[in-house]
Amino acid sequence: MNGSASAFTQSVGRFIAKLKSVDLELAQELSALLPNASALRSADTFVPAPVDVDSRMQLVEVMYPVMLDKAPIFSGEIKDMLGACLKEWGSIDVLLREGLAPARMLLFCGLPGTGKTMAAHWLAQELQLPLLTLNLATVMSSYLGKTGNNLKAVFDHANARPCVLLLDEFDAIAKRRDDGSDVGELKRLVNVLLQALDEWPANAMLVAATNHGELLDPAVWRRFDVVLNFDKPDAGLIAQFLCDLPLADKTREALAKLLEGESFSAIGAMVLSARKTALLEQAPLEPLLLKLAIRACMSRGQMKKPLDAEMLLMYLDGYSRREIASHFGKTHPTVSSVIKRYLGE
Ligand SMILES: Nc1ncnc2c1ncn2[C@@H]1O[C@H](COP(=O)(O)OP(=O)(O)O)[C@@H](O)[C@H]1O
Ligand SMILES: [Mg+2]
């Protein structure tokens, strides 16, 4: 009652659950009295974020409200899992009153640029909670010995208010204890982390994200309620990602196929670059994007014949099939079939 609204709600919830078997009526009365979690939420806002003692830099970055410019695109499995989490959070009061907690510790693993950070932002947006992002550079920059204290200050701060705490680049603090040189300090850090995870309250969400799931300490791994693997998007998801661009359907399809194997962030960067060129050079967007996609496909080594790529690039530069055929010493039907295969034209 002195500090943490969340701890209070959870304890009372547990008490009510036990009381039910003894005195149902009293339990129901108490349950009706227990203010809903959102009313308690407003009690402890506006506490400044903790800072590093030496540098005075903030240990967490606070974002509220969180608003994404674009809705993220998730594969079926990820969409379902995140949806289930949101559903539990939507009924958090019901769960807490029964002494239950929503899924509150999530681990996101996967390659860079696949949407792990974005998914954490999206959760905070949907839950309308502040997003606190651990400032890893500040937390780790001061004397190594202070990292544990810094981490603890961050957890104490996050525990005292409903929020989503994002530990990005999580492997930096949760590496296996048998790894590397600075073993003593690393061990201490992982222990601070384990304790914090064990004491994590029921009404705050913790999201840890890492590109190196394999480096994580197994004891840390075990503590998460939900572990999600983020993959690079398949052609269907890429087409969805491109759906707000003014593209013909067949171009979108061609792009989606050529870009399979790229991360969302790489595709996003290509789109941005093509849009800027289109605007500044008054050029049509489609060939620009297709050219970028063909080059990317080539550099991933996924274009079966390098010559195909060269023909396609020439075609997109406006040369006719006949010109391309004579340039490469190929027949007209050969050129046509390459164009048909990759661009559907
Ligand atoms: N699933 C996704 N849906 C839509 N855009 C995405 C997705 N994943 C990544 N992006 C784009 O790529 C950028 C980087 O993604 P990010 O979430 O930082 O990747 P990660 O944290 O996995 O390295 C995002 O800001 C967004 O523009
Ligand atoms: Mg990230």
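Lys116 sits in helix α6 (residues 116-127); helices here are DSSP runs of H or I with at least four residues, strands are runs of E with at least two, and both are numbered from the N terminus. The model is predicted: local features need pLDDT of at least 70, side-chain atom pairs count only at pLDDT 80 or more, and totals for chains, interfaces and linings use all residues. Residues are numbered from 1 along each chain as its sequence is written, and side-chain values use heavy atoms, with hydrogens and water left out.

**A buried lysine**

Lys116 is buried but has no salt bridge. Buried means under 20% relative accessible area, exposed over 50%, and partly exposed in between (1.4 Å probe, protein chains only). A salt bridge puts a side-chain nitrogen of Lys or Arg within 4 Å of a carboxyl oxygen of Asp or Glu. The nearest side chain of opposite charge to Lys116 is Asp168, 6.8 Å away. The Lys116 side chain does reach the backbone oxygen of Gly110, at 3.1 Å. Beyond four places in sequence, its contacts (heavy atoms within 4.5 Å) include Phe108, Leu111, Asn211 and Phe230.

**Salt bridges**

The structure holds 9 salt bridges.

| Pair | Closest N and O atoms |
|---|---|
| Glu98 and Lys20 | 2.4 Å |
| Lys146 and Asp54 | 3.0 Å |
| Lys291 and Asp317 | 2.7 Å |

Glu98 and Lys20 form a salt bridge. Glu98 lies in the loop between α5 (92-97) and β2 (105-110) and Lys20 in helix α1 (residues 5-22), so the pair ties together parts 78 residues apart in sequence. Glu98 is partly exposed at 37% relative accessibility; Lys20 is partly exposed at 30%.

Lys146 pairs with Asp54 in a salt bridge. This pair links distant parts of the chain, 92 residues apart: Lys146 is in the loop between α7 (136-141) and α8 (147-159), and Asp54 is in the loop between α3 (37-41) and β1 (60-63).

Lys291 forms a salt bridge with Asp317. Lys291 lies in helix α15 (residues 285-299) and Asp317 in the loop between α16 (306-316) and α17, so parts 26 residues apart in sequence are tied together. Lys291 is buried, at 16% relative accessibility.

**Ala325**

Ala325 belongs to helix α17 (residues 321-328). Ala325 is buried, with a relative accessible area of 5%. Not counting residues up to four places away in sequence, Ala325 touches Lys330, Thr331, His332 and Val335. Ala325 and Met311 are 14 residues apart in sequence, and their C-alpha atoms are 8.4 Å apart.

Definitions and conventions:
Chains lettered and ligands numbered in written order. Lys, Arg positive; Asp, Glu negative; His and termini not counted. Polar contact = N/O pair within 3.5 Å; in protein donor to acceptor, adjacent residues only side chain to side chain.
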